[in-house]
Amino acid sequence: MTESSATKLLNGDACHRTLHGKNASKNGYVKNHCLFQQSQKYRRAREKRQNATTNPSLYQKPFVESFEETPLLVAVLTYMGYGILTLFGYLRDFLRHWNIEKCHVAREREQQKDFVPLYQDFENFYTRNLYMRIRDNWNRPICSVPGAKMDVVERVTHNYNWTFEHTGTVVKDVINMGSYNYLGFAENTGACADAAVEVTHAYGAGVGSTRCEMGNLDVHEELELLIARFLGVESSMAFGMGFATNSMNIPALTGKGCLILSDELNHASLVLGARLSGSTIRVFKHNNMQSLEKLLRDAIVHGQPRTHRPWKKILIVVEGIYSMEGSIVRLPEIVALKKRYKAYLYLDEAHSIGALGPQGRGVVNYFGLDPKDVDIMMGTFTKSFGAAGGYIGGRKELIDYLRCHSHSAVYATSMSPPVAQQIITSMKIIMGEDGTSLGVQLSENTNYFRRKLLDMGFIIYGNDDSPVVPLMLYMPAKIGAFGREMLKRNIGTVVVGFPATPIIESRARFCVSAAHTKEMLDTVTPPLKKQQAIHRLVSLEVQKHLGSSQ
Ligand SMILES: Cc1ncc(COP(=O)(O)O)c(C=O)c1O
C-alpha cells in the first residue's frame with residue numbers, strides 16, 4: 001500500500017497501521033481504536049485497542065470507532081487490478097492516438113500540438129480510462145423527493161459510458177441509501193412542506209436582494225433566533241449556501257499572520273475557505289490529537305516563519321462527522337487542547353447537526369459539552385433539515401462582525417423564504433416541540449444497520465453512532481459492480497473511489513435515515529449475504545475471509 005494511503009486515514013504519526021494484531025508503537029494510535037470502554041459483542045477481538053494517548057476522563061460515554069486495516073492480500077489484489085486497468089489504459093490511449101479507437105475526449109487541435117498539453121496528469125488518465133468504465137454509477141438523475149424511497153430515471157449508454165440516453169422508464173421505489181436525509185425531512189408532504197408552501201404564497205420563492213438591502217424578512221430573523229436557541233449560543237446568522245458559509249466566512253475570520261490547523265479529511269469548502277483567507281495552513285492527521293498537539297506546540301514555540309512573531313490567531317478547523325469515513329470528531333480532546341494552547345475552534349456540523357446527540361443538537365450535544373467551548377459553530381441545512389443553506393453560531397460579537405465583514409453576508413442574496421420556513425419547521429420538530437423523537441429512531445436504525453453488516457463479516461468504517469456507514473470494497477472493479485447490482489435490486493447506494501478516497505480504499509457509502517423502516521433496512525442486507533448472487537459477483541467473501549483472518 002502506498003505511503004499516502006497508509007497515512008491518510010490513520011490516527012497516528014508513528015504507528016500508521018498495526019499489522020496482524022501487533023500493538024501500536026510510539027504514539028499509541030492504531031487504526032482500529034476505541035476509548036476507555038468497549039464491550040461490543042459484534043466487534044472482533046482484534047479491533048479492540050486501547051488508545052494510550054487519549055484522555056478517557058474527558059468522555060462521558062464510550063467512543064468506539066473502527067478503521068480496519070486493508071488486508072494484505074486485498075491490497076495486493078487491488079493494486080494488481082489498478083495495474084491491469086492502467087496497462088489497458090495505455091494501450092487504448094495508443095489506439096486512440098493512431099485513430100484506431102474513437103476518441104471521445106477533448107483533445108488539443110493540430111495547430112496546438114507544440115503547446116504543453118492541457119491534460120497530462122494522472123487524474124485525467126484515470127478519468128479517461130478507469131472512471132469512464134464505471135461512470136454510470138454517478139450523476140444518475142432521480143425524479144422524486146430523495147426520501148426513504150426514490151424514483152430513478154433509467155439511462156442506457158451505447159458507447160461505453162461516454163454519453164447516456166434516457167429510456168423514458170422510471171425505476172420506482174428504489175430504497176434510498178445514499179441521500180443525507182438523516183431525519184427524513186426531505187419530503188413533499190407533511191408539516192414542513194405545508195409550512196413552506198404557505199410561506200411561498202406569502203413571499204414567493206426568491207427575495208431578490210441581500211440581507212443588508214431589501215432582503216431581510218421576518219422568516220430570516222425568526223430562523224436566526226431559533227438557530228441560536230437550538231445551538232445554545234448567543235447569536236447566529238443563516239446563509240443561502242452551506243459551501244459558501246465555509247468558504248466565505250473563514251476568510252472573514254482569519255488572514256495573513258494567522259495559522260489554520262486543519263484536519264486532513266476536511267471538506268473542500270473548509271479547504272477553500274482556509275486557502276482564500278491567506279492564512280498559513282498546517283494539516284494534522286485525521287482526528288489525531290497527538291498530531292494536532294504537536295502542531296499547536298510548534299506554533300506556540302516557533303511563532304511565524306522567519307520573524308518568529310506570535311501568530312495573530314490560531315484556528316483549529318474540524319468537522320462533526322466526516323462524511324467519507326463515518327468518524328466522529330474527538331471533540332472533548334480538541335476542546336481541551338484549544339483551551340490549553342489558547343486557540344480558536346471552528347466546528348463544521350454539516351453531517352452531525354440533527355443527526356447526533358440526545359436532543360439532535362449535534363456533536364457538542366453528543367459529548368455533553370458546553371456550546372460556549374466552540375468558538376465558531378458552523379452547520380448546513382442540506383442534510384438533516386432537508387433544505388438548503390448554512391449557519392454560523394457563536395457569541396454576539398462574532399455574528400455582528402460577520403454580518404458586516406463576511407462576503408456571503410454582505411454580497412449574497414438572502415435565503416429563499418420557503419427554504420427558511422422548511423428549516424424553521426423541521427428544527428422545531430427536532431427540538432421536540434411536536435413531541436416526536438426522530439433522533440432516537442435514527443440512532444436505532446444506525447445501530448441496527450451497522451450491527452447487521454458487522455455480523456455478516458463486512459469491513460465497515462467509522463463510529464458506531466455515525467449514520468454514515470462506509471462498507472469497504474477496495475477493488476476498482478467492485479465499485480461499478482456493487483452500485484449496478486444493488487440498483488438492479490432496487491437499492492440506491494453511493495459508491496466512492498479515488499480521488500475521493502485513497503486509491504485502494506474504495507467503498508460503498510450507506511446513509512441511514514430515521515425515515516428508513518426496519519423492513520427497508522432488512523431489504524438492503526440480504527442481497528449481500530453469502531451465497532447471494534451479488535455477494536458472489538462482487539466477491540465480497542474475499543473481504544469477509546481475509547478481514548477475519550487478521
Ligand atoms: C462537511 C461539509 N461542510 C460543508 C458542506 C457544504 O454544504 P452544502 O452542500 O450545504 O453547500 C458539505 C457538503 O456536503 C459538507 O459535507
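Tutor: Buried means a relative accessible area under 20%, exposed means over 50%, and partly exposed lies in between, with a 1.4 Å probe and protein chains only. This is a predicted model, in which local features need pLDDT of at least 70 and side-chain atom pairs count only at pLDDT 80 or more, while totals for chains, interfaces and linings use all residues. Residues are numbered from 1 along each chain as its sequence is written, and side-chain values use heavy atoms, leaving out hydrogens and water.

Student: Why is Asn-161 called buried?

Tutor: Asn-161 has a relative accessible area of 6%, so it falls under the 20% limit and is buried. Asn-161 is found in the loop between β3 and β4 (165-176); helices (H or I, at least four residues) and strands (E, at least two) are DSSP runs, numbered from the N terminus.

Student: Why is the pair of Phe-63 and Phe-367 called tilted?

Tutor: Rings of Phe, Tyr and Trp (its six-membered ring) pair if their centres lie within 6.5 Å; planes under 30 degrees apart count as stacked, over 60 as edge-to-face and the rest as tilted. Here the centres are 5.7 Å apart and the planes stand at 40°, so the rings pair and the pair is tilted.

Student: What does the pair of Phe-63 and Phe-367 tie together?

Tutor: Phe-63 lies in the loop between β1 (33-34) and β2 (64-66), and Phe-367 in the loop between α10 (363-366) and β12 (376-380), so the pair ties together parts that are 304 residues apart in sequence. Phe-63 is buried at 1% relative accessible area, and Phe-367 is buried at 4%. Ring pairs link Tyr-59, Phe-63, Tyr-366 and Phe-367 into a cluster. The structure holds 14 aromatic pairs.

Student: How do you know that Arg-155 sits over the ring of Phe-164?

Tutor: The rule asks for NZ of Lys or CZ of Arg within 6 Å of the ring centre and within 35 degrees of the ring normal. Arg-155 lies over the face of Phe-164 at 4.0 Å from the ring centre.

Student: Why do β6 and β7 count as paired?

Tutor: Two strands pair if DSSP finds at least two bridges between them. Strand β6 (residues 259-263) and strand β7 (residues 280-284) have five bridges, in the parallel sense, so they pair. The chain crosses from β6 through helix α7 (residues 268-277) to β7, and this β-α-β crossover is right-handed: with the strands pointing away from the viewer, the path from the first strand over the helix to the second runs clockwise.
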